[in-house]
Amino acid sequence: RQSLEEMWRPQFAAPGEIAGYGLGFGISELEGRRRMGHGGAIYGFATELAALPDEKLGVVAITTVDAANGVTDRIADAALRLMLALREGRPLPVPDTTVAVPADLAATLPGRYALGDWTAEVVNRDGHLFLWPGPAGLRVALRSLRDALVVDDRLMFGPQVLVDGDRLIIGPDTFTRAPLRRPEPAPERWRGLIGEYGPDHDVLYILEKDGRLHALIEWFFLYPLREASADTFAFPDWGLYAGERLVFSRGADGRASAVALNGIRFQRRAVGAADSARFRSRRDLAHSPEGLVRDHLLDVLHRIALAEQPPAETGDFREPELVDLATLDPTLRFDIRYATTNNFLGLALYGKARAFLQKPAAEALLRAHRRLAQYGYGLIVFDAYRPWYVTKMFWEATPEEQRVFVADPSRGSRHNRGCAVDVTLYDLATGEPVEMVSGYDEFSPRAYPDHPGGTARQRWHRELLRRAMEAEGFRVYDAEWWHFDYKDWRQYPILNVPFERISD
């Protein structure tokens, strides 16, 4: 008992304070009782062991979801409260449950907030608010609990976020809304270090934010790094890796090939065009499954696709009214990749370099283009209406594990309906395309619209594009930052008309 009591004594607490950490146990209070516990998480599950030793009550909660300690903690505490109430003959307590942030408040909160050199961002994703970084450097969901906002997701529950005008108050810290200003470029010496390292189950992200390199480690924990010397960076003096160092190894091209943390070496992952991460389509193989050499692939896929018909549909569809986007505004620019060999298949798929959208979608695209001008940007269109047979060719040429990036022809694509467009930004002052976190049609996780990597400026460009497009009725596709679907896409039929047959 004496040894156990010593393990339950806080090691770094002020006199009279009972919260903190003992030896192997977290120590806190629950309804005035001593609570001892310890959480755990590894790839594929999360746990919580919680006990009220003086009451001889304990709970073990386990979930088969990675790092969902916010859930197991709540279940354990709710169970302890229920057992206490039952033992004492009190009414059983009902756990607090949160609701989505009211729409009017959710519309006003998104933006960038600053505390000295630190910034945090609030984003609205289809009515769900997220704060990044939040407590402990985590990306967390914000929800309403009575009259307050609280963090409530699988990672944690409970920290309040108070809204006071243009200020967010998170614990002792007050963040003030900052202007929508383009970040400065990341220092050139860091560019070769930014990237992804390590195995699939534990990716280490090195990114730039607020003019500092950061490490996003163990999926959730974001730490600012201090540049100790050339290619050596120190973690802050708090968190899971307090005072430890990352040491990068560069190749002859200046790009880091690996990074070491306490002797553990994380190899750079092959992600993105610079790392030749495009998938191996059938074009890349010596022979297609049909036994034809790859030089004949286009003819084979083209013949197969043209021989088939789009899926039959029923419904009262609007009459198609495709508009040539080149007629809308002379400052709207085009880079129709599928009319060239500069695309993920390396094949010219369109006979003409043209882009069409249904009239309401085209008008919305023009409004987004003009909205962006106030920030000094315009739109470049990569693709818009796409005949169904091209979608069929994409599907047949793409390995099954990469098909999240192409549409299933059995259901048709929103591109086929003339209500999807692939776009990026260009700088009105220079005429140059902006740099995004990934390239267009890059089949890698970097293409996801909320991928955390890259530089602050790249992510800022990506978010600016998203805000402008979504303000005009488009919605970004979950796996591609460049792909936007217009809200009325369900009202139009799947089309299979080649560009050559669309009249001017």
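Colleague: How do the residues of the lining of the largest pocket divide into nonpolar, polar and charged?
Modeller: In this predicted model, the lining of the largest pocket has 25 nonpolar, 12 polar and nine charged residues. Nonpolar covers Ala, Val, Leu, Ile, Met, Phe, Trp, Tyr, Cys and Pro, charged covers Asp, Glu, Lys and Arg, and the others, Gly among them, are polar.

Colleague: Which residues lie nearest its centre?
Modeller: Tyr 21, Glu 48, Asn 69, Asp 73 and Leu 155, out of 46 lining residues. A pocket is an open set of points on a 1 Å grid over the protein atoms alone where a 1.4 Å probe fits, with protein on both sides within 12 Å along at least five of seven lines; lining residues have an atom within 4 Å of a point.

Colleague: What supplies the largest share of that lining?
Modeller: α2, with nine residues. α2 spans 69-88, and β3 (33-42) and β11 (157-164) are among the others that each supply at least two. Helices (H or I, at least four residues) and strands (E, at least two) are DSSP runs.

Colleague: Switching topic, what volume has the second largest pocket?
Modeller: About 1,400 Å³, while the largest pocket holds about 1,600 Å³. Volume is the space filled by probe spheres on the points, joined across faces, edges and corners.

How values were computed: Residues numbered from 1 in each chain as written. Predicted model: local features only at pLDDT ≥ 70, side-chain atom pairs only at ≥ 80, totals over all residues. Heavy atoms only, no water.
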